[in-house]
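Please look over the sequence and the model below before reading on. The report is meant to be followed with both in view.

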Amino acid sequence: HGPSMSAEDELAAFRAEIAAVETAAAPEEDTGDGTPEELEFEDDDGTWYVWDRATRKYKPKGEDVMAAPAAAPPPTWSAADMVFQDDDVAIPSLNDAKKAVAAAKQGDDDDEPGAQPEDPDGAPKMSEMAINAIEKEKERRAKREEARRANANGDGSGWFDLKTNTSVYVTGLPDDAEVDEVKEVFSKCGVIKLDTDTAAPRIKLYRHKETGELKGDGLVTYLKEPSVQLACTILDGAPFRHTMGTNMTVTPAKFEMKGDFVAKKRSGGKKRKAAVIAKQEAELGWGGFDDTKDRKKTTVIIKHMFTLDEMFSDPNFRVELEEDVEAESGKFGAVDQVKVFTTNPEGVVSVRFKDGGDAQKCVTAMKGRWFGGRQLEASLWDGFTNFAKAGLESTEEDEAKRLKAFGDELGGDEDD
C-alpha cells in the first residue's frame, strides 16, 4: 500500500476530479464570429458535413448552399399606432328596426329580389349597363325615323303609301258619272267619309284640265280602313252600271307628294264638325266602331313590372315576362295582346283584352299586388299616353343630373 493521504489532499483530488467532469460535459464554445470549433464531421449515415462561413451553416461536402435571406427589419410603430380608437357603433332606432322587420316580412311573402335602389331624388337608379342600352335604343329609333323620312317618297317616283289608308282609286267610270251615283255604288262596302266643313261625301272625280270633261277615274274615301279591302274584293272587275260593257278597276289609293306640305285651313265651327262626325258614326249602325273596339276600355296598363337592370341583363327576360303576364291575365278573360315597354323606367306592361269587363277584372286584381319586391299599379289606358317613348327623351334636367353624378364620382376618386 502507498503512503496514506491526508484529508486536505483527498479534498483537493476530489475537487480536481469534479472540475474535469464539468469541463468534459460543458458545450463547445464557438469563436468570436460564431464559427464552431468543429468545422467538419461525419453524420450517422456516412455523409460528411463542412461549415460554410458565408451561409453560417453546415452543408454536405462538395455541394453549394444558397445564402440565407437577410433578416427583415424589425417593425416600427408610430405614436398613433399605439393609441386605441374605439369605432362608433350605430345603434338603430325603433323606426329603423320596424322598417327592417317589414322589409324582411315582405321578402318572405315574395320570393323575388328586392326593389331597384333609388337615388336621393326618389327616381330609380339605373346601372351603367341600362343607361347604355337605352342610349342604343335611342340611336336605333332615330335611324329608323330618319330612314322612314328618307323613304317617304317610296321608290323615289314621288308616290307613297299612307300609314292608315281609307281611300280607293277607281278607273273605268263613265263620262257622265255623278258623285251621288258613285256614292251609291261604293257605299255597298262601307260608310263614305264626309267632309267636316261641307258635309259632302269625300269623292273626287278627275277631269281634263283643258276641256273639263271627266277622265273616267276618281278617288273614293271611306270612313274606316277595312272598307278599302272589301271594295277591292267586291267591286274590282265589276261594271259601274250593268248596261256598260267595261268594268272598273278598284285598288288602294297611292298619293304623290308635290312640293312641300302645307296644311289646309279648314272653315266651319266645332259644333258643325261634331255634327258631321256624329252623322257618320250613326250610319255605322253599331255604336261608331265598324273595325275596332274602344281600346281605352279593353287595355290595362300595369306599372313596376320590371326594372331596367333586369330588362337589359338577360336577353330572354322580355319574352319570359310577356309569357308570364299573358298566362296570369288569361285567368280574367281572353287576351288579344301583351306588350312590354322595354325602355320605360316605370316598368310598364300593357294587356289588351277582348272584352272590357275582363279588363276591369284585371285592374281590380293587379292593383296593389306585389311582384318582384315592388307594388304594382294597374289602370285602364287613358287613350293618349305613349309608354314606348317614355325613358327615351333626354331633357336638360336629365343631362344636369348625369353631369352632377359624373362630377361627384370624379371628386370621390380624388379623395381616395
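## Basis of the model

The model is a predicted one, in which local features need pLDDT of at least 70 and side-chain atom pairs count only at pLDDT 80 or more, while totals for chains, interfaces and linings use all residues. Residues are numbered from 1 along each chain as its sequence is written, and side-chain values use heavy atoms, with hydrogens and water left out.

Helices (H or I, at least four residues) and strands (E, at least two) are DSSP runs, numbered from the N terminus. A residue is called buried under 20% relative accessible area, exposed over 50% and partly exposed in between, with a 1.4 Å probe and protein chains only.

## Salt bridges

Side chains of opposite charge can pair when their charged atoms come close. With a salt bridge taken as a side-chain nitrogen of Lys or Arg within 4 Å of a carboxyl oxygen of Asp or Glu, the count comes to 12 salt bridges. One of them joins Glu40 to Lys61, with the closest N and O atoms 3.3 Å apart. This pair links distant parts of the chain, 21 residues apart, since Glu40 lies in strand β1 (residues 40–42) and Lys61 in the loop between β3 (57–60) and α2 (94–109). Glu40 is partly exposed because its relative accessible area is 37%, whereas Lys61, at 53%, is exposed.

Asp176 is in the loop between β5 (167–171) and α4, and Arg241 is in the loop between α5 (226–234) and β8 (249–252), so that the pair links distant parts of the chain, 65 residues apart. The side chain of Arg241 also meets that of Glu181 in a salt bridge, at 2.8 Å from N to O. Because Glu181 belongs to helix α4 and Arg241 to the loop between α5 and β8, this pair ties together parts that are 60 residues apart in sequence. Asp176 counts as partly exposed at 46% relative accessibility, as do Arg241 at 23% and Glu181 at 24%.

## The cavity

A cavity is here a set of points, on a 1 Å grid over the protein atoms alone, where a 1.4 Å probe fits but cannot get out, and its lining residues have an atom within 4 Å of a point. Grid points are joined across faces, edges and corners, and a volume is the space filled by probe spheres set on the points. The structure holds 1 cavity of 30 Å³ or more, and the largest cavity has a volume of about 30 Å³.

Its lining is made by Leu173, Pro174, Ala177, Leu205, Tyr206, Leu214, Lys215, Gly216 and Asp217. The elements that give two or more residues to this lining are β6 (203–207) and β7 (214–221), and the largest share, 4 residues, comes from β7. By class, the lining has 6 nonpolar, 1 polar and 2 charged residues, where Ala, Val, Leu, Ile, Met, Phe, Trp, Tyr, Cys and Pro count as nonpolar, Asp, Glu, Lys and Arg as charged, and the others, Gly among them, as polar.

## A nonpolar surface patch

Leu11, Phe14 and Ile18 make a nonpolar surface patch of about 270 Å². Such patches consist of residues with over 30% relative accessible area and no salt bridge, the nonpolar side chains (Val, Leu, Ile, Met, Phe, Trp, Tyr) being joined within 5 Å; accessible areas come from the Shrake-Rupley method with a 1.4 Å probe, and for residues only the protein chains shown count as cover. Ile18 is found in helix α1 (residues 7–25) and, at 36% relative accessibility, counts as partly exposed.

Ala199, a residue other than glycine, has a positive phi near 65°. Ala199 sits in the loop between α4 (179–186) and β6, and it counts as partly exposed because its relative accessibility is 31%. His304 also is not a glycine and has a positive phi, of about 70°. The loop that holds His304 runs between β10 (299–303) and α8 (308–313), and His304 is partly exposed, with a relative accessible area of 22%.

Leu321 and Met305 are 16 residues apart in sequence, and their C-alpha atoms are 8.6 Å apart in space.

Key. On a 1 Å grid over the protein atoms alone, a cavity is a set of points where a 1.4 Å probe fits but cannot get out, and a pocket is an open set with protein on both sides within 12 Å along at least five of seven lines; lining residues have an atom within 4 Å of a point. Patches are made of residues with over 30% relative accessible area and no salt bridge: like charges are joined within 9 Å, nonpolar side chains (Val, Leu, Ile, Met, Phe, Trp, Tyr) within 5 Å.
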